[in-house]
Amino acid sequence: MATTPTSTTERTNPLRKTLVDVRHGLLGLHKALIVAEQLTFERVYGRIDSTGQLLQLVMNDPWFTWLHPLSNLVVRIDELLDEECDLSVEDVAQLLTEVRGMIRPSELGDGFERSYYEALQRAPEVVMAHCEMKKLLTLPRSEEHTSELQ
């Protein structure tokens with residue numbers, strides 16, 4: 001019998017479950033950011049006619065370039081989850097720290113942090129996804145204590 005995405009491994013390995021949850025949160029945030037940028041883009045340049053056209057814009061147009069680090073982070077999580085070896089507390093803790101740093105908006109910053117700040121100001125869906133994402137950025141309880149002892 002085939003296992004579902006919520007496999008026994010995910011239920012028994014809290015680090016893997018944490019990464020899966022963070023991945024889903026990042027995908028939700030990424031989608032909210034794409035929709036917010038699409039709406040702003042369409043106000044300036046006109047309607048985007050298809051999802052194919054939107055995908056091409058997201059991948060290639062400078063307007064959407066600032067989202068690429070977020071996309072790359074999701075790919076890195078996918079690669080970690082695909083590896084056969086066990087996840088270490090240190091690897092997951094470092095990734096969570098990186099995500100926390102990435103989703104730190106800054107009015108005075110540049111690149112991702114500035115664009116992220118602007119998206120938070122204009123799109124309630126981005127604010128909601130941001131709040132949901134922040135809730136996911138902790139190690140499982142037993143793992144926190146283990147990493148503090150090392």
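1. Let's start with Glu-37, which counts as buried because its relative accessibility is 5% (buried means under 20% relative accessible area, exposed over 50%, partly exposed in between, with a 1.4 Å probe and protein chains only). Glu-37 belongs to helix α2, residues 14-45. Setting aside neighbours within four places in sequence, Glu-37 is in contact with Trp-63, Phe-64, Trp-66, Leu-67, Ala-119 and Arg-122 (contact means heavy atoms within 4.5 Å).

2. A word on the source: this is a predicted model, with pLDDT of at least 70 needed for local features and 80 or more for side-chain atom pairs, while totals for chains, interfaces and linings use all residues. Numbering runs from 1 along each chain as its sequence is written, and side-chain values use heavy atoms, with hydrogens and water left out.

3. Overall, you're looking at eight helices and zero strands (DSSP runs numbered from the N terminus: helices are H or I, at least four residues; strands are E, at least two). Of the protein's 150 residues, 39% count as buried. Among contacts with a separation of 6 or more, 68% are between residues 24 or more positions apart.

4. Now α2 against α5. Two packed helices are described by the angle between their axes and the distance between the axes. Here the angle is about 20° and the axes are 10 Å apart (axes are lines fitted to C-alpha atoms, for helices over the stretch in contact, and angles run from 0 to 180 degrees between N-to-C directions). The two helices are therefore roughly parallel, a label for angles under 35 degrees. From α2, Leu-15, Thr-18, Leu-19, Val-22 and Leu-26 meet Val-89, Val-92, Leu-95, Leu-96 and Val-99 of α5.

5. Next, α7, residues 124-135: its 12 residues reach 17 Å from first C-alpha to last, close to the 16 Å expected at 1.5 Å a residue (the expected span is 1.5 Å times one less than the number of residues). Which residues of α7 are buried? They are Val-126, Ala-129, His-130 and Met-133. These cover an arc of only 105° around the axis, so they sit on the same side of α7 (the arc is that of the directions from the helix axis to the C-beta atoms). The buried residues of α7 pack against α2, α5 (89-102) and α6 (112-122).

6. On the other side of α7, Pro-124, Met-128 and Lys-135 are exposed. Pro-124 has a relative accessible area of 53%.

Note on methods
Angles under 35 degrees count as roughly parallel, over 145 as roughly antiparallel, 65 to 115 as roughly perpendicular and the rest as oblique.
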